[in-house]
Amino acid sequence: RSLRLRAASSRIGGVIRFRFGHEDLVRTRFAISPLFDLTWSTDVLRDPAAHSLHLPWARAARRRLEGFDFTLIELLATVSAHGYAPDFVVPPPTTPLAELADELARVRATPHERVALEVGWRFEGAEVPAAARVLLDDPERGLAELTAVMAAYFERAIEPWWPEIRAALEEDILHRARRLTAGGAIEVFEDLHHQ
């Protein structure tokens with residue numbers, strides 16, 4: 001997600017292409033974000049057939065989430081028809097190994113004007129769903145509710161697998177660092193998965 005903050009992109013045939021200038025490239029970094037994994041996991045639960053590699057996790061997570069309402073996360077994590085999901089829900093990590101509590105504190109601290117702007121962009125041309133209205137009507141309460149739901153979702157759906165997920169992500173960052181020293185930036189990005 002943070003790539004889109006500074007890179008001009010264009011969608012061609014279902015593929016997103018990023019054009020990096022010198023400034024973009026020298027500021028590119030890799031980081032681990034529990035919130036990125038949290039929001040991405042909702043895509044898997046929404047359409048498990050499109051993520052067959054994660055089916056065992058999806059089945060287990062669905063059992064652990066039974067009776068738990070995470071509609072607010074789904075509404076905000078889902079990319080809109082015009083290709084936008086609010087950035088305040090998953091701010092780019094400030095450290096290479098972000099902690100969930102720190103990331104949630106940053107979400108709670110989002111300026112209310114920013115929340116209103118991004119919620120407006122997410123639901124542009126449509127009525128804001130009732131579950132998300134609290135973010136506009138009472139942003140402080142809405143952000144508190146959102147982060148509480150995110151923390152509870154993480155505990156149920158991600159935390160049991162987090163040590164293995166984090167270890168795999170740390171290994172990938174180390175792999176990319178080695179590729180950078182061996183062949184430069186082109187080597188770092190050449191084998192990134194399209195998703």
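**From chain to loop**

Analyst: Of the chain's contacts (heavy atoms within 4.5 Å) between residues at least 6 apart in sequence, 67% join residues at least 24 apart. The chain holds 11 helices and two strands. These are DSSP runs, H or I of at least four residues for helices and E of at least two for strands, numbered from the N terminus. Buried residues account for 35% of the 195; buried means under 20% relative accessible area with a 1.4 Å probe, protein chains only.

This is a predicted model, with pLDDT of at least 70 required for local features and 80 or more for side-chain atom pairs, while totals for chains, interfaces and linings use all residues. Numbering runs from 1 along each chain as its sequence is written, and side-chain values use heavy atoms, without hydrogens or water.

Now the loop. Thr110 sits between α6 (100–108) and α7 (112–122). Thr110 is buried, at 8% relative accessible area. A polar atom of its side chain lies 2.7 Å from the backbone oxygen of Val107. Leaving out residues up to four places away in sequence, Thr110 touches Phe88, Val115 and Leu143.

The axes of α8 (residues 130–137) and α9 (residues 139–158) come within 5 Å and cross at roughly 130°. Axes are lines fitted to C-alpha atoms over the stretch in contact, with angles from 0 to 180 degrees between N-to-C directions. α8 contributes Val134, Leu135, Leu136 and Asp137; α9 contributes Pro139, Arg141, Gly142, Leu143 and Glu145.

Terms used:
Buried < 20%, exposed > 50% of the residue type's maximum accessible area, 1.4 Å probe, protein only. Polar contact = N/O pair within 3.5 Å; in protein donor to acceptor, adjacent residues only side chain to side chain.
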